[in-house]
Amino acid sequence: MRRRWNTHRSSPYRSRFEEMVASSLCEQGAAFSYESVKLKYERQCIYTPDFILPNGVVIEVKGRWLGSDRTKHIAVRKKNPEVDIRFCFQNAYNKLNKNSKTTYADWCDKNGITCTIQKRIYKSLGLVSCL
């Protein structure tokens, strides 16, 4: 992990370049505020599901589930509420990260997402094993 350049300094800016621009603005007498507004935005991305069943159920298979994946799937569900997306985890009892007590399954329950593990996928979806 990269260290921020100003960890030992008392500068409010995130980079030397920002500090230089702020200094230049001050010298010119320009009024400004620094990072005082937060703007929301949406990314235009495409999600490609792993498996789609004949009944339209989408199965997303996950081994490791990063924060960026969780964020992506919240956005996908928000934009496509009519699509039934279910997760099949290699281990649904993995923690979200080493400092978390929340498991993948707990997170899914909290967010209203159906999930299972590979050994139970056929039963949970009412399928006969195709292996």
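Seven nonpolar, three polar and six charged residues make up the lining of the largest pocket. The model is a predicted one. The pocket holds about 640 Å³ of space. It is lined by 16 residues, and those closest to its centre are E42, R43, K72, A75 and V76.

Next comes the sheet. Four strands form it, in the order β1-β2-β3-β4. The sheet is open and its pairing is mixed. Strands β1 (51–52) and β4 (115–117) are the edges, each pairing on one side only. Strands β2 (residues 58–62) and β3 (residues 85–89) run parallel to each other, paired over five bridges. Across this pairing, E60 stands opposite F87 in β3.

H73 touches E60 and F87, along with Y47, K62 and W65, leaving aside residues up to four places away in sequence. H73 belongs to helix α2 (residues 67–79). Is H73 buried or exposed? Its relative accessibility is 1%, below the 20% limit, so H73 counts as buried.

Now the aromatic rings. A pair of aromatic rings is described by the distance of the centres and the angle of the planes. The structure holds seven aromatic pairs. One of them joins Y13 and Y34: the ring centres are 4.5 Å apart and the planes meet at 70°, so the pair is edge-to-face. The angle is what decides this, because edge-to-face requires planes over 60 degrees apart. This pair links distant parts of the chain. Y13 sits in the segment before α1 (16–27), while Y34 sits in the loop between α1 and β1, 21 residues apart. Y13 is buried, at a relative accessible area of 14%. Y34 is partly exposed, at 26%.

A tilted pair is formed by F89 and Y104. Here the rings lie 5.2 Å centre to centre, with 50° between the planes. F89 is in strand β3 and Y104 is in helix α3 (residues 104–110), so the pair ties together parts that are 15 residues apart in sequence. F89 has 0% relative accessibility and counts as buried. Y104, at 4%, counts as buried too.

Together with W65, F87 and W107, they form one aromatic cluster.

Key. Residues are numbered from 1 along each chain as its sequence is written. This is a predicted model: local features need pLDDT of at least 70, side-chain atom pairs count only at pLDDT 80 or more; totals for chains, interfaces and linings use all residues. Side-chain values use heavy atoms; hydrogens and water are left out. On a 1 Å grid over the protein atoms alone, a cavity is a set of points where a 1.4 Å probe fits but cannot get out, and a pocket is an open set with protein on both sides within 12 Å along at least five of seven lines; lining residues have an atom within 4 Å of a point. Grid points are joined across faces, edges and corners, and a volume is the space filled by probe spheres set on the points. Ala, Val, Leu, Ile, Met, Phe, Trp, Tyr, Cys and Pro count as nonpolar, Asp, Glu, Lys and Arg as charged, and the others, Gly among them, as polar. Helices (H or I, at least four residues) and strands (E, at least two) are DSSP runs, numbered from the N terminus. Buried means under 20% relative accessible area, exposed over 50%, partly exposed in between (1.4 Å probe, protein chains only). Contact means heavy atoms within 4.5 Å. Two strands pair if DSSP finds at least two bridges between them. Rings of Phe, Tyr and Trp (its six-membered ring) pair if their centres lie within 6.5 Å; planes under 30 degrees apart count as stacked, over 60 as edge-to-face and the rest as tilted.
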